[in-house]
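Work through the exercises below with the sequence and the structure open. Each task is followed by a solution in steps.

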Amino acid sequence: MAESDTWLEHCGHEPDPQSDWVTGLHPMDVLLRGERLPHIWCQGCGLGTALTTFIGALQWLEMNQNWDLDKVSVVSGIGCTGRIAGYIRLDSFHTTHGRAIPFATGLKLANGELKVVVISGDGDIAGIGGNHFIHAARRNLDITVICVNNFNYGMTGGQAGPTTPHGARAVTTQYGNFEHPFNLPYLAAAGGASFVARWTVLHARRLEWTLREAMMHPGFSFVEIIAPCSTSYARWNLEGRGLDPQKLGRRGLEVMKHYQQVGKIAHDTHPKDAAVKVNEKGEINAIIEGIFLNEPKPEFRAAIENQAQVAKERWSAAKKALDRRPKLSGRTDFIDRTDVQLGGFGGQGIMSAGRIIGQAATIYDKIEACFTQSYGPEARGGAAGSQVVVAVEPIHHPHLIAPSSAIIMSQEAYAKYAPNLTADGILLIDDGLVTLPEDHRRDLKTYGIAATQIAEEFGNSRAANSAMLGFWAAIVGAVSQEAMRQSLADSVPPKTLEVNLSVFDVGFEKGLALKKDA
Amino acid sequence: MSDQGLLTGEHFLLGDYAAAEGAILAGCRFFAGYPITPATEIAERMSIRLPQIDGIYIQMEDELASMNAVLGASWAGVKSMTATSGPGFSLMMENLGLGIMLETPCVLVDVQRGGPSTGLPTLVGQQDMMQARWGTHGDYEIIALCPSSPQELFDLTIRAFNLSEKFRTPVLVMTDAEVGHMTERVVIPQPEEIEIINRPQVRKGDMEPDHFRIYQDTDSDGAAGTVSPMAIAGEGYRFHITGLTHDELGYPAMTAEASEWNIKRLVKKIRAHRDEIIQLEERYLDDAEIVVVSYGISARTSEWPIEQARKAGIRVGYLRLITIWPFPEKRIFELAKGIRAFVVPEINMGQICLEVERCAAGQAQVLGVHRLGGDILEPQQVLGAICKAAGRSDLLQTDLQNRQTER
């Protein structure tokens, strides 16, 4: 929906920047941006009343509840109602169409001291911003959302919208609206709002009282204000049809009279039963008004703050573990770039193993390493692969070029990765899980260890990757034994530390022995 | 390790985590996001780390909301960030525009994957480079940085915050799935060793609210580019800001003159500071007849081919774009005068390649090296293009052996 720059002419207003619309004599003047008046709204529009009841409620809160109005932020989206943010002398934000609520969410979460009110139209809040509306209600964040519902898109010229009654006419529903509207209080309540109310602008005083209550409510409060659109909606429907289009004020008045006839105050009505009712011609014949819902419920920002203590304890624990890391001197000898392929199935710790090698190399041996993983939505038990490059010099291309060694823990991984190894590369297999086929590459230096079986003997089959790591460290020698043990210790749960280190040592010893034999 | 919950020292860190830690050290205390591969780990890290340092993490209902929440938080005075990938980046475009228009400091990390549409969720791409420049509607300038390692993802996230605060504008970190999902050594300095820039800001009581102009034009001809102090919510200035074209007060102003003032303000504050914002890495440019222009992961892939080509006697130079927007127009134009060709490796069908072509202005040939997402470029591809640009296709056969020598 676009802003119309012809709107002023359309409404018959002649803006005069020199005019002094705010005299300072009216008690509300202090909260109006006088230099911005006259406003763009049509004669007979309900937004003037919506604005003054809102200001009245704020002034009451200032007088009676010691509210500091410097702390109130007003956020609106796009549309006729969206312009309220531009007329009220408070911190005010005129955002994009539909996005007032998430903007307000950011404001309120970042500074809990702010009182944040969203005021916008039905198209903005329930149409383009509908998703934000229900999610904000669900969170029960302590903001107030005021939706001025005039049953159509006024600013763009009166198209039907998410609240246009079934059967009603609009510019784009000249044969009657074939869609069904939202019942906004029911939508808010179903979403999780803890305060829900509705008034028409006819009930200005009650509306103002409700706005006070809504803004004081500690949680997500929602107030629907039903207001006449004298120019567009009233033109096509019962209330204003046949009236002189030059006399918009008269049309607005007719709509108010209609509200008086069909409005019915019924507090605590179940929001489900609060739908705006129409007859078969789409003419409104009942508007239920009142406070439908006002219940205590845990507020969102408080819920976040409640977790801070737990989070800080977790940090302290992590910090202690990091502080315990020994400082090793690092290796000073040169090694060739070593590209390592790791393969197995999910759950074997193929990713952790690659990471442990990389961490050992960088943090403890103080050389370079780059660890990457084949990333995919693989479930546990599916194929898993990771790769790590270890080198003394900077690693530019991060992918393996022709891996010089591989740690293979499944038959599938063997089939996938063994062919990629460089000539004379080193292949390490868990020989309890991998059977070499007859056409196995003769050029490879192949070493086997029953890693899973060894880990099981120590009572934890999940430590099998540690055996492979020890085996690899001994045979390939690209990362020192001490660095590997330390990196392993950093990476496994404390309860399994002893088992993992023991299994690592068995793998290392076996690796050394086999290497000696070869 | 610092006691204030700040991670310091040497770590073997995932690129995405490095971005999160960089943000935290830069002072970011608000993150709003929506899960998306391959950027999710940034959100995950933030969800754990921010509550430890009195920050706020929130998962919003979508990326439209995420971007808006980030803007709202920034106007509440808190440094804020979001992170996403292709499809989410598209959704963020709407309110990236609002951020630019409102002159809001914030940072958006795009961990690029292959597109268009849902594309290749788990696999790399560099296909959002032009979207970063022109993705939201209207005229504007944008700042975008392009890291090629986890360390740089850390460093440039801090720089992104500093630039965004200094110029009161959203800054993009255009990384990719490869760098985001890569784990390498990341050295995190002590907080006092890091330069932190905070936004120009009026605080409560600094001046009469009536005298405050939220978009004050201090420079009459605008040539120097104006970045004026912002107020934040709750400090008594009772300011108004709007996504509509506006005047100094932030009030809507619906005229061609107002639009010219407004847009030139947004553009000039960045153009006038181009030299400060643009960061390049250059090597072997003095004698170069071929220049490889690249960025992010593709620049890394280009390093080995450049060394190989120089060994084979091709005078090839290296220009890495650490700042991608604003584009180093002058540098490319100057280089183009004295060289034979540019080679531009990137994981797309040629986006930055077009910019290089524009700036070379016909003075030098421009050869793109493309891979269409899914995987990073092969060093061999880049070497092939360098040889072709140098008229040395005869070298290509021998490269197959060279390939083994990188280890």
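**Exercise 1.** How are α3(B) and α4(B) oriented to each other: roughly parallel or roughly antiparallel?

Solution. The model is a predicted one.
Step 1. Locate the two helices: α3(B) and helix α4 (residues 86-102) of chain B have axes that come within 7 Å.
Step 2. Take the angle: the axes cross at roughly 25 degrees.
Step 3. Apply the cut-off: angles under 35 degrees count as roughly parallel. Therefore α3(B) and α4(B) are roughly parallel to each other.

**Exercise 2.** Find which residues of α3(B) meet α4(B), and sort the contact by class.

Solution. 
Step 1. On the α3(B) side, the residues are Glu63(B), Leu64(B), Met67(B), Asn68(B) and Leu71(B).
Step 2. Their partners in α4(B) include Gly88(B), Leu91(B), Met92(B), Asn95(B) and Leu102(B).
Step 3. By class, this contact of α3(B) with α4(B) has eight nonpolar, four polar and two charged residues.

**Exercise 3.** Describe the side of chain B that touches chain A.

Solution. 
Step 1. Count the residues: 60 of chain B are in contact with 62 of chain A.
Step 2. Find the largest share on the chain B side: helix α3 (residues 63-75) of chain B supplies nine residues.
Step 3. Sort that side of chain B by class: 29 residues are nonpolar, 16 polar and 15 charged.

**Exercise 4.** Which strand of chain B is joined to strand β2 (residues 91-94) of chain A?

Solution. 
Step 1. The partner is strand β10 (residues 240-242) of chain B, joined to β2 of chain A by three bridges.
Step 2. The two strands run parallel.
Step 3. For one position, look at Ser92(A), which stands opposite His240(B) in β10(B).

Key:
Residues are numbered from 1 along each chain as its sequence is written. Chains are lettered from A and ligands numbered from 1 in the order in which they are written. This is a predicted model: local features need pLDDT of at least 70, side-chain atom pairs count only at pLDDT 80 or more; totals for chains, interfaces and linings use all residues. Two residues are in contact if their C-beta atoms, placed from the backbone, lie within 7 Å. Helices (H or I, at least four residues) and strands (E, at least two) are DSSP runs, numbered from the N terminus. Ala, Val, Leu, Ile, Met, Phe, Trp, Tyr, Cys and Pro count as nonpolar, Asp, Glu, Lys and Arg as charged, and the others, Gly among them, as polar. Two strands pair if DSSP finds at least two bridges between them. Axes are lines fitted to C-alpha atoms, for helices over the stretch in contact, and angles run from 0 to 180 degrees between N-to-C directions. Angles under 35 degrees count as roughly parallel, over 145 as roughly antiparallel, 65 to 115 as roughly perpendicular and the rest as oblique.
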